[in-house]
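Work through the exercises below with the model open beside you. Try each task before you read its solution.

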Amino acid sequence: MRVGVNMEFKFSEFIDLPKFKALIKNFYDLTGIICLIEHNEKIINLFPKYNNELIRFRFDDYDKYIIKQIKNKKKYGIAKSKSGLMYIGLPIYVEKESFITIFTSAIFYKEPDSDFLNSLKSSNFIKDIPVYSNEKITEIIKIMCNTSSLIENMISNHIKDINSNLKLIENFNKLTDDYNNVKKIAYYDELTNLPNRNYLKHEMERQINLNPEKTFILFYVEMNDFKNVNDIYGYEYGDKLLTKIGNEVKKLYYENGIVARVGGKEFLVFKTKDDSKSLNEEAEILLDNLNGIWYLNGNEVPISVNIGISVYPDDGTDILDIYRNSDIALNKSKCGERNSYKVFKKSMYDDILKKSQLEKEIRKALKNEEFVLYYQPQMDIQLHRIVSFEALIRWNSPKLGWVMPGEFISLAEETSLIVPIGEWVFREACEQSIKWKNEGYDYDFISINVSTVQLRKNNFIDMVKSIFKETGADPKLIEIEITESVVMESLEKNLKIIDELKKMGIRVALDDFGSGYSSLNYLKSIPINTIKIDKTFIDGICKNSYENIITEQIIDLAHKMKLDVIAEGVEIEEQFRSLKIKNCNKIQGYYFGKPMTAKDAGIVLKNEENIL
Ligand code: C2E
Ligand code: CA
Ligand code: CA
């Protein structure tokens, strides 16, 4: 039986809810930790407007582990993950039975490792998970224990109105003292002594309440590549430089702003808007003061930053909204140039919302098997016959209808969902390759697109091997397409992967050739089988154009290097003829065949066999 199940009380009948909420809000304001209540097996969040993203980082297994500790009569339970996350659970007893359990949202008990952060890259709000040292965590647990005894008293005395009981008021005040103690450690950044996020939130609230008619700006500053500073000069030096930068910025806003440090290399500046300056001018001032060479201990260190900006009241009247929106703008700025800033726009938020909904749908799609592979024929020009296929993914979503890869692959890459999707594609194409062979169809191979995110995973080759083992497919019937720019991205590592694939007997094609680096120079060092000339070249091939000449040269060069050449996106007969004259080996495109279901591709193969 789970703790608390047999207690049929209604939560609100035994607890003065407003007081209880005040305690929890106070605790959140101080610590950035949301307390969730487990009562009768239900998890209740008394402040749904607080960062729901934080609550997403809850995992059932941790709760179960915590409850196990509580059942073993521990005063509280703690669950830690290797990645640095930690959760605390604390029971509140009534007549020796656990009545409710208070669970905290996630806390980092150490700086999270970069792999973990990368896997959560899609989440904008991961930064909101507070990082606490052991010392602070002990303090926090103490506060929680005191809070729980107070609540136990409230309940066991069956007192609804806390004000009517002097003893309890005394306790409540004592608790507030405790909070004040924590304030010292909870409000300031240990390294720079600047205020931290919690303090800033309070200050923002206070200043806005004092002058609600004023315009305020929040700058969210992130330094780029600060890791390099630590790597080159050591952490101690990095810490000193951060302190120096923090203090210089503080001086800059001495009169009309507050500067906080909110993460390893992130600062927030909150200030009243200067009437004589535009928002852009204000941003430029901050940018100019941060960017450039910083001098410390005789070293010259180049620093560049990105800044996200949001404005009260234009971008929200709630501080949490202003705060979140500056973070959204920062992320947008990071997608662009270094040394730049972005001012928040509502469309940025809408995009994120749309993306997060799409992400949810993609996750469901994987589970519910909504993906389908289509196959586009590739024709051998000389034989005038279909000899191979490219597998192209389609998504048949019950909610969104048919979704093309252009609409979801990049998001799947951002969220790493492309890894399980890519694995599904690989398995599906391998299984199809066997089916067609078993049906006696003659074809050379099925070509599979592989994303850069898949290649970056260390276990890509293992995944490929295990699928061949599992399905019994013949590696000779599979070609892998890697985009030219992706190969160049980390040439050395990818060369090793290509080598491994080749050793297994898999063919490798360089996709979208010409769209990126057009690195003819590198061609000789990459052991590929095929070059796929990008559609943009084929589009211009019929005119007496640059594209026409280049295509001819690529084909000649490739042939000298004993590589096959396939032209992509061939739509009209003239393009086909022109490619035939140029001795291109294969074509793929609407002219000859659109991507089709496996069943239709099978029929095409069957008809081809009839021709033979
Ligand atoms: P891609 O690898 O360059 O694939 C060729 C794209 O061109 C396909 O679009 C195909 O339908 C389209 N196409 C083929 N012939 C013609 C033509 O004559 N005219 C025009 N206008 N288009 C033509 P699709 O299927 O929408 O896929 C788009 C991209 O999505 C692919 O570009 C590929 O980068 C990615 N993708 C598709 N399937 C997968 C997959 O299974 N895994 C991964 N990682 N990426 C995939
Ligand atoms: Ca492709
Ligand atoms: Ca392509």
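The exercises that follow concern a predicted model.

**Exercise 1. Strand β1**

Task: Decide whether the residues of strand β1 (residues 35-39) are buried or exposed, and find which strands pair with β1.

Solution. 
- Step 1. Apply the cut-off: buried means under 20% relative accessible area.
- Step 2. Count. In β1, 5 of the 5 residues are buried, so the strand is largely enclosed by the rest of the structure.
- Step 3. Check each face. One side carries Cys35, Ile37 and His39, the other Leu36 and Glu38, and all are buried.
- Step 4. Find the partners. Strand β5 (residues 97-104) runs antiparallel to β1, joined by 4 bridges. Here Ile37 has Ile102 as its bridge partner.
- Step 5. Turn to strand β2 (residues 42-44). It pairs with β1 in the antiparallel sense over 3 bridges. His39 stands opposite Lys42.
- Step 6. Look at the turn. β1 and β2 make a hairpin with 2 residues between them. Asn40, in that turn, has a positive phi of about 45 degrees.

**Exercise 2. The calcium ion (ligand 2)**

Task: Which residues coordinate the calcium ion (ligand 2), and through which atoms?

Solution. 
- Step 1. List the donors: Glu390 (OE), Asn449 (OD1), Glu481 (OE) and Asp511 (OD). They lie at 2.1 to 2.3 Å.
- Step 2. Read their spacing along the chain. The pattern is E-x58-N-x31-E-x29-D.
- Step 3. Look for a neighbouring ion. The calcium ion (ligand 3) is 3.8 Å from the calcium ion (ligand 2), and Asp511 coordinates both.
- Step 4. Judge their accessibility. Glu481, at 1%, counts as buried. Asp511 has a relative accessible area of 5% and is buried.

**Exercise 3. Salt bridges**

Solution. 
- Step 1. Recall the idea. Side chains of opposite charge can pair when their charged atoms come close.
- Step 2. Take the total. The whole structure holds 28 salt bridges.
- Step 3. Start with Lys251 and Glu248. Lys251 is exposed at 57%, and Glu248 is partly exposed at 34%.
- Step 4. Go on to Glu361 and Lys364. Glu361 is buried at 8%, while Lys364 is partly exposed at 40%.
- Step 5. Finish with Asp442 and Arg385. Asp442 sits in the loop between α15 (418-438) and β17 (445-449), Arg385 in strand β15 (residues 385-397), so the bridge ties together parts that are 57 residues apart in sequence. Asp442 is partly exposed at 33%, and Arg385 is buried at 14%.
- Step 6. Note a network. Salt bridges with shared partners join Glu390, Glu481, Lys532 and Glu568.

**Exercise 4. Aromatic rings**

Task: Classify the ring pairs Tyr233 with Tyr237 and Phe371 with Trp395 as stacked, tilted or edge-to-face.

Solution. 
- Step 1. Set the limits. Planes under 30 degrees apart are stacked, over 60 edge-to-face, and the rest tilted.
- Step 2. Take the count: 15 aromatic pairs.
- Step 3. Tyr233 and Tyr237 have centres 4.7 Å apart and planes at 35 degrees, a tilted pair. Tyr233 is partly exposed at 32%, and Tyr237 is buried at 9%.
- Step 4. Phe371 and Trp395 have centres 5.8 Å apart and planes at 50 degrees, so this pair is tilted. Phe371 lies in strand β14 (residues 371-380) and Trp395 in strand β15, so the pair ties together parts 24 residues apart in sequence.
- Step 5. Check burial. Phe371 is buried at 7%, and Trp395 is buried at 0%.
- Step 6. Widen the view. Phe371, Trp395, Phe408 and Trp424 form one aromatic cluster.

Key: Residues numbered from 1 in each chain as written. Chains lettered and ligands numbered in written order. Predicted model: local features only at pLDDT ≥ 70, side-chain atom pairs only at ≥ 80, totals over all residues. Heavy atoms only, no water. Buried < 20%, exposed > 50% of the residue type's maximum accessible area, 1.4 Å probe, protein only. Pairing = 2+ DSSP bridges. Donors = N, O, S within 2.8 Å, 3.2 Å for Na, K, Ca; no water. Salt bridge = Lys/Arg side-chain N within 4 Å of Asp/Glu carboxyl O. Phe/Tyr/Trp six-rings, centres within 6.5 Å; stacked < 30°, edge-to-face > 60°.
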